[in-house]
Amino acid sequence: MTIFEQEKAGGMTHSSHHTLERGHALYPGTFDVLTLGHLDIIRRASTIFRRLTVAVAQNPGKAAPLFTVDERVAMLREAVHDLANVDVASFEGLTVEFARKIGAKVIVRGLRAVSDFEFELQMAMMNESLNPEICTVFMAPAPAYSFLSSSLVKEIARFGGDVADYVPAHVAEKLVKRLKENDVR
Ligand code: ADP
């Protein structure tokens, strides 16, 4: 019996808090560009949480993005169309504020290597102090994706390398096209 079935059956009186937390999770990120590593985290999280919202953060602190927020949302939507409990959104401002607004009690973040850890932990602690009701869950991707990053993929594509193994096909196509457009300009 899963924790959800136990809840339905009226058992496990102390489980309501946990099942509530497992109900709706938010996976925020820049997703410029969406990689198979992001998608691996999305698939894993979608099997753990009842509902997963993947949200593109409008992050003015980051270097000029290659794709607009709307383009990133569209690419994510296409990539998750087969996952019934996953939806895609975008937001501006604090992640915890957006999580609160949509009723998500968990923030999902991916951890690739030790190098991610310090920044991710710092952010998780800060988010916890901003809103202690929302907790951060870290997920590791499959080893095959643990070296993948959006910036590395963009760099490979820029130098004409094949990115077919690192991003979904529809993203690879748009990436090559965008880099060509930028070259012409
Ligand atoms: P941000 O700018 O918020 O770090 P990213 O789009 O780069 O946004 O990443 C979003 C989240 O996905 C982060 O938690 C990041 O660590 C994680 N992530 C990025 N690439 C991978 C990968 N290859 N495997 C697992 N997690 C990843």
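These legends describe close-up views of a predicted model. Residues are numbered from 1 along each chain as its sequence is written. Because the model is predicted, local features need pLDDT of at least 70 and side-chain atom pairs count only at pLDDT 80 or more, whereas totals for chains, interfaces and linings use all residues.

**View A. The shell around the ligand.** Of the 16 residues around the ligand, those that come nearest are Gly29, Thr30, Gly37, Gly110 and Pro141, where a residue is near a molecule or strand if its C-beta atom, placed from the backbone, lies within 6 Å of it. By residue type the shell holds 5 nonpolar, 8 polar and 3 charged residues; Ala, Val, Leu, Ile, Met, Phe, Trp, Tyr, Cys and Pro count as nonpolar, Asp, Glu, Lys and Arg as charged, and the others, Gly among them, as polar.

**View B. Elements that supply the shell.** At least two shell residues come from each of α3 (36-48) and β4 (106-110), and α3 gives the largest share, 3 residues. Helices (H or I, at least four residues) and strands (E, at least two) are DSSP runs, numbered from the N terminus.

**View C. Strands β4 and β5.** β4 pairs in the parallel sense with strand β5 (residues 135-139) over 5 bridges, pairing being assigned if DSSP finds at least two bridges between two strands. Within this pair, Gly110 stands opposite Met139 in β5.

**View D. Asp70 in helix α4.** Asp70 lies in helix α4 (residues 69-79) and is exposed, because 10 other C-beta atoms lie within 10 Å and a residue with 12 or fewer, counted from C-beta atoms placed from the backbone, is exposed. Asp70 and Ser90 are 20 residues apart in sequence and, C-alpha to C-alpha, 8.1 Å apart in space.

Note on methods
Buried ≥ 20, exposed ≤ 12 C-beta atoms within 10 Å, placed from the backbone.
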